[in-house]
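Keep the viewer open as you read.

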Amino acid sequence: LISPRLVHTERNAGGQVRMSLSPVPREMQALATILTGAALVAAQSLVLVIASSVIFSGSIAAPVSTFIALLLVGILFIMIGNGVSYFFETEEAALLATLTLGTGFLVLSGIIIPIEFMPLVLQKIVILNPVLFAASVIRQTVVFGTSIVKAAGILSLLAGVLLATLFAWAGLIFSHDWSIEALLKRVQRK
């Protein structure tokens, strides 16, 4: 939920006019938003891993691997949230959309409803759910103590989803103005 806040704070800031007139490309501005979110996720992940290690006296088997996995998962969801946020003009609509998407991801991840009980068509779609990858990677590093090298298979899938999200996000956001209002104006013209 931090993504809509970052995107719309930057969009509604008084310095937005200066940023649009500056020689900094739009892609770099969007990358800065992603990196800001990633820094917040890194700080949260570090606190989580340190607190878990201290409170539960070393219950996290591979703390460095867990931190890296949490960071990658966090960046993925920051990028998805940013991509969704660029579609909406208001922060409230973007928050509602990201919350709805996140809830859908969670329900269809196998965490709440087991995948085996879902219809066959839905089972094939659920395999692409990023929450499923995230839960699997974090479970392997936290519970089983799997190192990042041993979890390379699932991490490569997660990295593939991350790259696919990045390319889809960049293609949609930077090729046109894809806000809902701009889409409605295009439809009204035709």
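## The start of H7

Asn 129 caps the N-terminal end of H7, with a side-chain oxygen 3.0 Å from the backbone nitrogen of Val 131.

## The overall fold and its confidence

Stepping back, the chain has nine helices and zero strands. Read from the N terminus, the order of elements is α-α-α-α-α-α-α-α-α. Of the 190 residues in the chain, 32% count as buried. Among contacts between residues at least 6 apart in sequence, 68% join residues at least 24 apart.

The mean pLDDT of the chain is 77, and 80% of the residues score at least 70. Which elements have the lowest and the highest mean pLDDT? Helix H9, residues 180-189, has the lowest at 63, while H5 has the highest at 87. Where pLDDT is low, the predicted coordinates should not be read in detail.

In soluble globular proteins, nonpolar side chains tend to be buried together.

Not counting residues up to four places away in sequence, Val 137 touches Ala 69, Ile 154, Leu 155 and Leu 158. Gly 153 is 16 residues from Val 137 in sequence, and their C-alpha atoms are 9.6 Å apart in space. This glycine lies in helix H8. With a relative accessibility of 45%, Gly 153 counts as partly exposed.

## The aromatic pair

What holds for aromatic rings here: how many pairs does the structure hold? There is one aromatic pair. Phe 77 and Phe 105 form this pair, which is edge-to-face, with 6.4 Å from centre to centre and 65 degrees between the planes. Phe 77 sits in helix H4 (residues 63-85) and Phe 105 in helix H5 (residues 91-107), so the pair ties together parts that are 28 residues apart in sequence.

Is Phe 77 buried or partly exposed? Phe 77 counts as partly exposed because its relative accessibility is 26%, and the buried class stops at under 20%.

Glu 91 belongs to helix H5. Glu 91 has a relative accessible area of 17%, so this residue is buried. Setting aside residues up to four places away in sequence, Glu 91 touches Pro 4, Arg 5 and His 8. Glu 91 and Pro 4 are 87 residues apart in sequence, yet their C-alpha atoms are 6.1 Å apart in space.

Thr 98 also lies in helix H5. Its relative accessibility is 13%, so Thr 98 counts as buried. A polar atom of the Thr 98 side chain lies 3.0 Å from the backbone oxygen of Leu 95.

## Helix H3 and Thr 33

Helix H3 (residues 26-55) has 30 residues and reaches 43 Å from its first C-alpha to its last, close to the 44 Å expected at 1.5 Å a residue. Its buried residues are Gln 29, Ala 30, Thr 33, Ile 34, Gly 37, Ala 38, Val 41, Ser 45, Val 49 and Ser 52. As a guide to reading such a list, an α-helix has 3.6 residues a turn, so residues three or four places apart point the same way.

Thr 33 in this helix has a relative accessibility of 7%, so Thr 33 counts as buried. Which residues does Thr 33 contact, leaving aside neighbours within four places in sequence? Thr 33 is in contact with Leu 6, Val 7, Asn 82 and Tyr 86. Thr 33 and Leu 6 are 27 residues apart in sequence, with their C-alpha atoms 6.6 Å apart in space.

How values were computed:
Residues are numbered from 1 along each chain as its sequence is written. Side-chain values use heavy atoms; hydrogens and water are left out. Rings of Phe, Tyr and Trp (its six-membered ring) pair if their centres lie within 6.5 Å; planes under 30 degrees apart count as stacked, over 60 as edge-to-face and the rest as tilted. Helices (H or I, at least four residues) and strands (E, at least two) are DSSP runs, numbered from the N terminus. Buried means under 20% relative accessible area, exposed over 50%, partly exposed in between (1.4 Å probe, protein chains only). Contact means heavy atoms within 4.5 Å. A polar contact is a pair of N or O atoms within 3.5 Å; within protein, one must be able to donate a hydrogen and the other to accept it, and residues adjacent in sequence count only if both atoms are side-chain atoms. pLDDT is the predictor's confidence in each residue, from 0 to 100. The expected span of a helix is 1.5 Å times one less than its number of residues.
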